[in-house]
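Please look at the sequence and the model first; the description follows.

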Amino acid sequence: MLYLIPTPIGNLEDITLRAIRILREVDLILAEDTRTSRKLLDHHGIDTPLRAHHAHNEHTAINGVLRDLEIGRKLALVSDAGTPGISDPGFLLVRECLKAGIEVQCLPGPTAIVPALVQSGLPCDRFHFEGFLPHKKGRQTRLKYLASLPNTFALYESPHRLVKCMEQLQEFCGSDRAVCVQRELSKLHEEAHRGSIAEVLAFFKGRADKVRGEIVIVVAGLGKENSREEEED
Ligand code: SAM
């Protein structure tokens, strides 16, 4: 059995009782960064061994992981924060486990996309999750596609690219489209900026060199310019 265990995206209390129990019970924890995960495990008094499993060794490590699972060892995969496989390593291992007939279970738990979407105030019953945009090649194509979507969409973005990304969203979606930029979810300095793309861009443009932390951008779908509510037909 392979477990995928969501871990806190900021507040260390955001981990389920079941996640803690399974992290304690498994034979080995595969971790994106063993030092980051060790801190979390120490906080909860868990001494399960850790092994590095990240984007750079994922392809070569997979056969060893499958062998461990095939001889009956119980393994858990964690990323640095949030749910493995969501803009983090995980997908490849899940696919190969399923191909090999190994059972996979992802626990429900923390991820940045869900709280960002729900507290954005933008319609959240249907949405598109984009994750990170490509930095260069293909970026414009993705932006054009996103701008055409009828439903709310969400992006992960780094603080130093936020202003550039907002400028591009303005170019492709127009100035009036409603947006919510959220920083540092569940952390001490959590904040949300809601308004039109032009308003929120103006706020961050004046502070471009001071923007820090982790960011989710949630944008209204096409035709939902100033709306924070689902429109009636
Ligand atoms: N696996 C994670 C998840 O389930 O959300 C995502 C990992 S991805 C490498 C990291 C990105 O997620 C950050 O750059 C940011 O866009 C978003 N993120 C993670 N934690 C966040 C937080 N506390 N506040 C805002 N965004 C966050």
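## The sheet and its helices

Leu-30 has Arg-51 of β3 as its bridge partner. Strand β2 (residues 28-31) is joined to β3 by three bridges in the parallel sense; strands pair when DSSP finds at least two bridges between them. Helices (H or I, at least four residues) and strands (E, at least two) are DSSP runs, numbered from the N terminus.

This is a predicted model, in which local features need pLDDT of at least 70, side-chain atom pairs count only at pLDDT 80 or more, and totals for chains, interfaces and linings use all residues. Residues are numbered from 1 along each chain as its sequence is written, and side-chain values use heavy atoms, with hydrogens and water left out.

Five strands make up an open, parallel sheet in the order β3-β2-β4-β1-β5. β3 (50-52) and β5 (104-106) are the edge strands, each with a single partner, so one side of each has no neighbour in the sheet. On average, neighbouring strands are turned by 25 degrees against each other, direction ignored.

Angles run from 0 to 180 degrees between N-to-C directions, with axes fitted to C-alpha atoms, for helices over the stretch in contact.

| Helix | Strands touched | Angle |
|---|---|---|
| α2 (residues 34-43) | β2, β3 and β4 (75-78) | about 155 degrees with β3 |

Elsewhere, Lys-205 belongs to helix α8 (residues 197-205). Leaving aside neighbours within four places in sequence, Lys-205 contacts Val-163 and Glu-167.

Note on methods. Contact = heavy atoms within 4.5 Å.
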